[in-house]
Amino acid sequence: MINKFKNSIGYTSEIGRILLISNGVLLMLMVIAVFLSFQTSNYLNVVFLGLALVIMSTSQWFLLSFRLTVIKYFEEKIDVTHDKLNHIFQCIAVQIESPDSVVNPSSLAKEVEIFTRELSKSLTECSITLTNQMQALSIALDNQENERLQKIQDDLLPLIKNLSDAMTAYFNISDRIDETLRKQVTEMQAMILRLEPEVLDLSNRLASMQELPLFPVSLRQLDQVVAINLELDKNIYEQFQVIEYDTNNNALDLVSSMETLNHSANNLVNYITSTITTVSDMNGGVNDSVDFIVRIGHVIQEIPQKIRSDISQLQGATGVIEGLGYLVDSIKEISFQTDILAVNAAIQAAHAGDKGLGFKIVADEVRKLAVNSNHAAEMIETGLNDARKTIQEGLKFKFLEEVMVEMDEAANVLESVQKLEQNHLDMQQYYKTLFMVINQNNIKLSQDISEILGGIQYQDIVRQRIERMKYTMHSRNELLERFIQELSNTRGLLTDDFVSQMNNVLSDYLDMEAAHSNSMHVDENLPQFELF
Amino acid sequence: MPKSILIVDDSVTMLMSVKTNLEMNKFKVETADDGVKALAKLTSGFKPDLIITDINMPNMGGIELIKKIRTLPGFRFTPILTLTTESQQGKRDEGKAAGATGWLVKPVGGTDLLKIIKQVLPGA
């Protein structure tokens, strides 16, 4: 439809050109006729033709000016229409490309609606103006009563009708255009929402990349920054090598120390194991001596009881003997009294004379009995004394014998005690040696453990070294982030400050590392231990 | 009476290894993980025979700690050893000026540490 509309505009221009060419040819013919009449000195024809030429020129000028006005009006209106349409499409394009459309999707539809209304209004005004001018042209043509112009009018009318139809059709489809545009905008909106992250990412990448090659100054700075970073990475890599060197050596030292520790511990265990037999033997000797002494002790403990028992028995026997002694005395007493009785009886028998001879015999026998009884009593006494003496001496002998046995055993006890003392001395010496060996081994073990504990300090050294690296890399990354941000914001126009700041990061790191110990680069002038 | 030692270091590994080594050798050991805590121990009545301190620590570093210890009554002649990874002469001079007795650069072997301690603590 738009093409048709454009075609109608083209027809109008063609009519103008036909008018111009036809009128121009007519004017040329008239000029030629005037020239020929002037050559043939037909001055009256020259006057008429000149007058006709003036009239024709005037009418031609009038027609020409009228056509130009009409054509100019169409062209202006069409241009305006095209401009508005272009503007709409540009706006749509901008809205599609712009992320703002995501934020306010209804703004585009509203704008399209406004422009569509304006376009409709413009086309309506254009149509009315055109209709009016066509009417004026028709009147002018009627007034001219020119067949040629009538023909042109007849040609123009269908074209105008076509234009009118085109405009009507355009008005009719404006709503559909609006609806279609809204639908398309909605679809594009959804598509933009889906594509937004990728587009933004791509835009950021392009924004950060596309400017770099365009600015030699940035490239030079970038080269410097990269060079500094490479130098920094090189130094950090060297410190990693130091860490590797330290941890490797430390691990080897620890393994060596552990082996030494294990060796010392094994020696100690073997030594202690080998001494168990000796200790057992010595313990056997000591136990025998102790058992003997204990046995002797029990014997000695029993001696007083035995002595008390013997003394008791002795006292009992002595008591019996003493009791018997009393009986002997009684017998002696009875014997003495019997002897007195016998003497008295003999005296009485002598007084009795012969009659007393028998009695005298009895008295003599009684006296003999008394003497014999006394003699027997003395003999018993002697025997009792002998028995007492014998018992006492026997007991005495038995006690001494026991004492001798005990003395002999005491002599054995002394020997046992001496053995025990010897064993004790042996054990003292043995344990002294044992403790000395164990102590020496313990000192060695302690030293080994101390060295192992000292080796653990490498963990702190490595930790501090890694912390310095972390600090430096953090500073570097912050600077690089600012670097990229400034590259984006200033479109590649950087300050020299970045290079100096990156240099500062590098020099700070080198200073920090130089201030700390480095086992791969030991400064001989600085002792590891120094007392002020 | 065992000699007492205060160890100041922000590394738990260092504190544990040095403490174990010294306790194995009959020393009484207290620890603090920064200068502020060490100073708090000293001002609360703890008077060690020897102080071993790191240099780089949070809150209060070793140099400042030594300076402050020297101002405390009764600590003018207490031996203070630094045990640090700092090895440059400038830092050593700072430590000496602050009042340190000696400068030990990590790592210090266990037996070496004991020998140095016996040098600054006669009779230990």
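**View 1. A β-α-β unit in chain B of this predicted model.** Here, strand E3, helix H3 (residues 62-71) and strand E4 of chain B form a right-handed β-α-β unit. The model is a predicted one, and that goes for every view below. The two strands of the unit, E3(B) and E4(B), pair in the parallel sense, with 3 bridges between them. If you want a spot to start from, find B:Thr53, whose bridge partner in E4(B) is B:Thr82. Now look at how the side chains of strand E3 (residues 50-53) of chain B are arranged: B:Leu50 and B:Ile52 point one way, B:Ile51 and B:Thr53 point the other way, and all are buried. On the way from E3 to H3 of chain B there is a loop, and B:Asn59 sits in it. The phi angle of B:Asn59 is near 70°, which is positive even though the residue isn't a glycine. B:Asn59 is also exposed, at 65% relative accessible area.

**View 2. Strand E1 of chain B and its two partners.** Strand E1 (residues 4-8) of chain B pairs with strand E2 (residues 28-32) of chain B in the parallel sense, over 5 bridges. In this pairing, B:Ile5 is opposite B:Val29 of E2(B). To get from E1(B) to E2(B), the chain passes through helix H1 (residues 12-24) of chain B, and this β-α-β crossover is right-handed. E1(B) also pairs with E3(B), again in the parallel sense, this time over 4 bridges. Look for B:Leu6 here: its bridge partner in E3(B) is B:Ile51. Is B:Lys26 buried or exposed? B:Lys26 is exposed, because its relative accessible area is 68% and a residue counts as exposed over 50%.

**View 3. Strand E5 of chain B, with a partner from each chain.** Within chain B, strand E4 (residues 80-84) runs parallel to E5(B), and 4 bridges join the two. B:Thr82 has B:Trp103 in E5(B) as its bridge partner. The link from E4(B) to E5(B) goes through helix H4 (residues 89-98) of chain B, giving a right-handed β-α-β crossover. The other partner comes from chain A: strand E1 (residues 529-531) of that chain pairs with E5(B) in the antiparallel sense, over 3 bridges. Which residue of E5(B) does A:Leu531 stand opposite? That's B:Gly102. As for directions along strand E5 (residues 102-105) of chain B, B:Gly102 and B:Leu104 point one way, while B:Trp103 and B:Val105 point the other way. All of these residues are buried.

View 4. The peptide bond from B:Lys106 to B:Pro107 is cis, and its omega is near 0°. B:Pro107 belongs to the loop between E5 and helix H5 (110-120) of chain B.

**View 5. A side-chain contact between the two chains.** Zoom in on A:Ser450, a residue of helix H7 (residues 357-455) of chain A. Its side chain makes a polar contact with the side chain of B:Asn21, at 2.4 Å. A:Ser450 counts as buried because its relative accessible area is 0%, and the cut-off for buried is under 20%.

**View 6. The largest pocket.** This pocket has a volume of about 540 Å³. It is lined by 28 residues, and the closest to its centre are A:His516, A:Ser517, A:Asn518, A:His521 and A:Val522. Which elements give two or more residues to the lining? They are helix H6 (216-352), helix H8 (457-489) and helix H9 (497-515), all of chain A. Sorted by class, the lining holds 10 nonpolar, 10 polar and 8 charged residues.

**View 7. The two chains side by side.** Chain A has 532 residues, of which 29% count as buried. It contains 9 helices and 1 strand, in the order α-α-α-α-α-α-α-α-α-β along the sequence. Chain B has 124 residues, and 56% of them are buried. Its 5 helices and 5 strands follow the pattern β-α-β-α-β-α-β-α-β-α from the N terminus on.

How values were computed: Residues numbered from 1 in each chain as written. Chains lettered and ligands numbered in written order. Predicted model: local features only at pLDDT ≥ 70, side-chain atom pairs only at ≥ 80, totals over all residues. Heavy atoms only, no water. 1 Å grid on protein atoms, 1.4 Å probe; cavity = no way out; pocket = protein on both sides within 12 Å on 5 of 7 lines; lining within 4 Å. Points joined across faces, edges and corners; volume = space filled by probe spheres on them. Nonpolar A, V, L, I, M, F, W, Y, C, P; charged D, E, K, R; others polar. Buried < 20%, exposed > 50% of the residue type's maximum accessible area, 1.4 Å probe, protein only. Pairing = 2+ DSSP bridges. Right-handed = clockwise from strand over helix to strand, strands pointing away. Polar contact = N/O pair within 3.5 Å; in protein donor to acceptor, adjacent residues only side chain to side chain.
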